[in-house]
Amino acid sequence: MTKDVFVSISGMHEEIAETPAVERDEAEAIEVVTPGSYYFRNEKHYIVYDEAVEGSSEMIRNRIKITGNGCVEIVKSGLSDSHMIFEKNKKNSTYYRTPYGQMLLDVNTRELEIQVTEDEIDVRIEYELDVNHEPMADCRIKMNIMSRSNGSFSVLG
């Protein structure tokens with residue numbers, strides 16, 4: 001993998017409600033495609049990229065750390081701060097700081113798949129998200145990190 005990479009992250013958050021699924025609002029889809037930097041140190045993959053914040057001139061610095069096939073950490077710093085840890089069949093807690101206040105997040109990872117090749121890393125995560133000890137959403141994240149020198153880039157579906 002080269003230092004210069006493309007980062008594609010797509011996510012889906014389906015709110016947990018007491019009403020049947022057919023009555024719920026549509027799931028909120030999020031997608032980011034951006035250039036980033038990659039490095040490998042101490043048997044861990046690191047990906048760093050900046051994220052623009054709508055309505056603000058400030059950026060959020062994102063750092064993804066992938067350890068083996070069993071752990072993904074996402075650290076956000078800047079306008080919002082958080083440190084989310086995803087480990088299959090484990091619940092991890094963190095605080096999420098925003099300009100409007102701080103929230104306690106519990107992340108219960110149900111599925112975690114990591115595939116690493118010479119020029120690409122694919123990650124799939126499914127998790128339950130609780131905010132301040134209340135069930136909030138069922139979530140899915142797909143990440144694709146690809147060397148920019150690869151020449152072609154496809155967004156995960």
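Helices (H or I, at least four residues) and strands (E, at least two) are DSSP runs, numbered from the N terminus. On that basis the protein has zero helices and 10 strands, and its pattern along the sequence reads β-β-β-β-β-β-β-β-β-β. This is a predicted model, in which local features need pLDDT of at least 70 and side-chain atom pairs count only at pLDDT 80 or more, while totals for chains, interfaces and linings use all residues. Residues are numbered from 1 along each chain as its sequence is written, and side-chain values use heavy atoms, with hydrogens and water left out.

**Overall burial and contacts**

- Of the 157 residues in the protein, 35% count as buried, where buried means under 20% relative accessible area, exposed means over 50%, and partly exposed lies in between (1.4 Å probe, protein chains only).
- The protein exposes about 9300 Å², of which carbon and sulfur atoms supply 47%; accessible areas come from the Shrake-Rupley method with a 1.4 Å probe, and for residues only the protein chains shown count as cover.
- Where contact means heavy atoms within 4.5 Å, 39% of the contacts between residues at least 6 apart in sequence join residues at least 24 apart.

**The nonpolar core**

- The largest nonpolar core holds 27 residues, and those touching the most other members are Ile 64, Val 72, Phe 86, Val 123, Ile 125, Tyr 127 and Met 143; such a core is a set of buried Ala, Val, Leu, Ile, Met, Phe, Trp, Tyr and Cys residues joined through side-chain atoms within 4.5 Å.
- Two or more residues of this core come from each of strand S1 (4-15), strand S3 (44-52), strand S4 (59-67), strand S5 (71-78), strand S6 (82-86), strand S8 (101-116), strand S9 (120-131) and strand S10 (134-147), and the largest share, six residues, is given by S9.
- Phe 86, when neighbours within four places in sequence are left aside, is in contact with Gly 70, Cys 71, Val 72, Ile 74, Val 107, Thr 109, Leu 112, Ile 125, Tyr 127 and Ile 141.

- Asn 62 lies in strand S4 and is buried, with a relative accessible area of 0%.
- The side chains of Asn 62 and Lys 76 are joined by a polar contact of 2.8 Å, a term for a pair of N or O atoms within 3.5 Å in which, within protein, one must be able to donate a hydrogen and the other to accept it, and for which residues adjacent in sequence count only if both atoms are side-chain atoms.
- Not counting residues up to four places away in sequence, Asn 62 touches Ile 47, Val 48, Tyr 49, Asp 50, Glu 51, Val 75 and Lys 76.
- Ile 60, also found in strand S4, counts as buried at 8% relative accessibility, and its C-alpha is 5.6 Å from that of Ser 77, a residue 17 positions apart from Ile 60 in sequence.
- Beyond its neighbours within four places in sequence, Ile 60 is in contact with Tyr 49, Asp 50, Glu 51, Val 53, Lys 76, Ser 77, Leu 79 and Ser 80.

**Cysteines and aromatic rings**

- The structure holds zero disulfides, a disulfide being a pair of cysteine sulfur atoms within 2.5 Å; Cys 71 counts as buried at 12% relative accessibility, and Cys 139 counts as buried at 1%.
- Two aromatic pairs are found in the whole structure, with rings of Phe, Tyr and Trp (its six-membered ring) pairing if their centres lie within 6.5 Å, and planes under 30 degrees apart counting as stacked, over 60 as edge-to-face and the rest as tilted.
- The pair formed by Tyr 39 and Tyr 46 is stacked, because the ring centres are 4.9 Å apart and the planes are at 10 degrees; Tyr 39 is partly exposed at 29% relative accessible area, whereas Tyr 46 is buried at 12%.

**Loop residues**

- Gly 68, in the loop between S4 and S5, is partly exposed with a relative accessible area of 42%, and touches Glu 43 and Ile 114, not counting residues up to four places away in sequence.
- Asn 132, in the loop between S9 and S10, has a positive phi of about 50 degrees although it is not a glycine, and is partly exposed at 43% relative accessible area.
- His 133 lies in the loop between S9 and S10, has a positive phi near 70 degrees, and counts as exposed at 58% relative accessibility.
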